[in-house]
Amino acid sequence: MSENSIEIVEATKLYGKLVAVDAVSLQIKRGEVYALVGANGAGKSSLMRAIVGLAQLDAGRISICGHDTKKNLLRAKRHTGYLPEELLFYERLTGKEYLRLVAGLKEADTMQVEDEIEFYELKTVEDKWIGGYSLGMRKKLGLAAAMTGRPQVLVLDEPLNGLDVEMMRKLRGRIKREQERGCTLLVSSHVMDFVERTSNRVGIMRAGRLVAEGTPEELRNQAGLSDAPFEDVFFGLASGKEFSLKSDK
Amino acid sequence: MNKLSLIVAALSRDKVRWASGQLYYLLVLAPLVLGLSYLTASRVASNAPIAAKPSSLLALTLTALVESCLILSGVSRSATEIYNVRLAENYFNSLPVNLGTHLFTAFIKRLARVALVLGFVFLALRSLVTSAADLNLIFLFWLALLIFLTASAQMFAALCWVHSHRTQSKLALLLGAVMLLMPAAALGGALMLNLVSFPFSFPHGQLYLLAGAATEFFALLFITSVLHSRWRIFDLEHAAMLQSSRIANFASLATKRLWGGSVRTQLARDLQLTLRFFSARVYLALWLAALWAISLFVLLVTTDLLPRAGVARSIFELTWSPSIVATKVVAVLTTATLAALLPLLVAYELPYLWLERAVGVTGKQLWQAKCWYARIVSLPAPLIAWAAGASTNALPANYIVPALLECLWLWWLVSTLIGALAFEMPTKPGLALVVMLTFAVAVGLFVSLLWPVGLLLYVFGISQIAGRGEARAKYFLLTGED
């Protein structure tokens, strides 16, 4: 088997005349955490949706753990856990019932549901209807659903939205542990501190294209901003020109 | 199979819990409204003069038309069930769930909805027509066959409808769809006739019907399954993006000059949403409205059931002549049919009402927008009915203009009543539809016979109805609850 868990070759996604993803190619190794960053509409979510089989590419190909998503989508999905940006649940199921349903559909051990509920601190609301959950609780439920079944590839679209600081910290630790067991993670986020501290490599997208890629350190060097916050590095590379808080003033 | 049962169990649990929160509506209000409608219908049926039995061909044509309306009415909803992009099931698209499971989940949902509607209608019809609600197994078998056939036809039509937005060969798709749906409509019509005790006169009729309907059902199911596995991944996104911008922009421009401020903006939005999201229901409403007008035309042209009014009679005599009353009745029914889009729109907009709340829209503005919406979408109704009557010479020359005015008056009354009830039960569009139509059609029919009384009622009653409508809208804006 290839050492790359995710392989994307010349992936292109169009919405009418709009090019959402423009010939993006990237490989993510097994056990690697790869962060996708970019402005809203840069194409991150479209690329992620194509990876998990929710959208069809207009050109190019994607393979997950060696399974081409066009030829073997069902097998590719067996290895994947996904947190969508927009969370839709059965409002009148309880959190626990929902996770058991997801575990059943993933053919995973339902005993893991208890562990996920414990980890995401959903114990007090596990028997309450999801319709009554706050935004943070919904996000935690979505994360628990994505991680149920211990998939080999985790695709997390904006995992931090709605989470409190404590849970963000806890999630960072969880991502580290998932990485250690060999799981590959593709994460999109606007929180640059999280991106820098969590990921092995970062890809910056702009207008559907991957405009810069490398380790956080390599990107710093590329932008020539070794001591500036990572946010400035992102702005510098994403806009194609150097940008810092100082120059902004 | 295991995954299908898991999803169906979750769906059922979700629905049962929803129902447990709606006990008043489901156990008291709905049976009351439906029961009263049934009793009224049975009274009318028992007092109605025995009409000449229509020929088998005419009866089959009419029921096939009804079945085709039924198929069309489920297309939009069926598309959202198959391509579940706005439902909780959307997440399952990223899980290792095969395409057949997605399709059969949608099919089970469709079956449940169709069974609920057709089950009630045909049990009621059978007891009205045969005067005995004998629930034998054969009747239930034919009913089940009709339900399966209708649900599979709706799903096939929904697949074709969504795919038509993406494919280049639209004509071929349309022809293919029509070739499969026309027999489905004809067989569905024949099954309907069979259910209301209208046995076929030719030998072995029921055997042929059984074979035909079963074959058509399995063919539809098989073809739907094959097409779904080919198209799903490509059509999933198109299903979420079905929009129509050119007509919607025209709607926006048309409203710009007529109303001011918030009402105008809301009205433009409502008309845009109607054109963009309810296309199948709009087609259905237009079709039904046309059906009323065609029925009037056929009745006036081909039968002598409605005696023509003489030109020499005075205007006050003419208003109660049968052909003119029939024209007015059709105006009422057509108006109600088109204005019935309102509760669907209100239910669709509920999750997005935070915008109105946030920008300080008043209850009066909200209510006015919905009232004008009902009036605008039903505006063609009086013109269609009047044109149908006038084109058959049923309206004497000296009553052409008064008839138009009467039809316009009935349109204004019925659409205003439906608009006024917009926020009576906004979270339950099905029930709201029944209540609104029962009330507005009853008042409309009464006024079509006794318009002077109707004028008095309107003058003295409309301010109270408007006040109630505004108060309900305001209450709903403040609480967000029904």
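**Sheet, helix and interface**

Helix α9 (residues 230–238) of chain A lies across β3 (33–38), β9 and β10 of chain A and runs at about 45° to β9(A). Helices (H or I, at least four residues) and strands (E, at least two) are DSSP runs, numbered from the N terminus, while axes are lines fitted to C-alpha atoms, for helices over the stretch in contact, with angles running from 0 to 180 degrees between N-to-C directions; contact means heavy atoms within 4.5 Å. The model is a predicted one, in which local features need pLDDT of at least 70 and side-chain atom pairs count only at pLDDT 80 or more, whereas totals for chains, interfaces and linings use all residues. Residues are numbered from 1 along each chain as its sequence is written, chains are lettered from A and ligands numbered from 1 in the order in which they are written, and side-chain values use heavy atoms, with hydrogens and water left out.

The sheet in chain A is open and mixed in its pairing, with six strands in the order β6-β7-β8-β3-β9-β10; two strands pair if DSSP finds at least two bridges between them. Because β6 (80–83) and β10 (209–214) of chain A stand at the edges with a single partner strand each, one side of each is left without a neighbour in the sheet. From one strand to the next the twist averages 15°. Strand β9 (residues 201–206) of chain A pairs with β10(A) in the antiparallel sense over five bridges, and G203(A) has E213(A) in β10(A) as its bridge partner.

Turning to the interface, 33 residues of chain A are in contact with 28 residues of chain B. The two chains bury about 2,900 Å² between them, 62% of it on carbon and sulfur atoms, where buried area is the accessible area (1.4 Å probe) that two parts lose on being put together, summed over both. In chain A, the residues that lose the most area to chain B are Y90(A), R92(A) and L105(A), together 27% of what that side buries.

Between chain A and chain B there are four salt bridges, each defined as a side-chain nitrogen of Lys or Arg within 4 Å of a carboxyl oxygen of Asp or Glu. R92(A) and D14(B) meet through their side chains in a salt bridge (3.7 Å, N to O). On the side of chain A that touches chain B, β1 (4–15), α2 (73–78), α3 (95–105) and α5 (135–147) of chain A each supply at least two residues, and the largest share, six residues, comes from α3(A).
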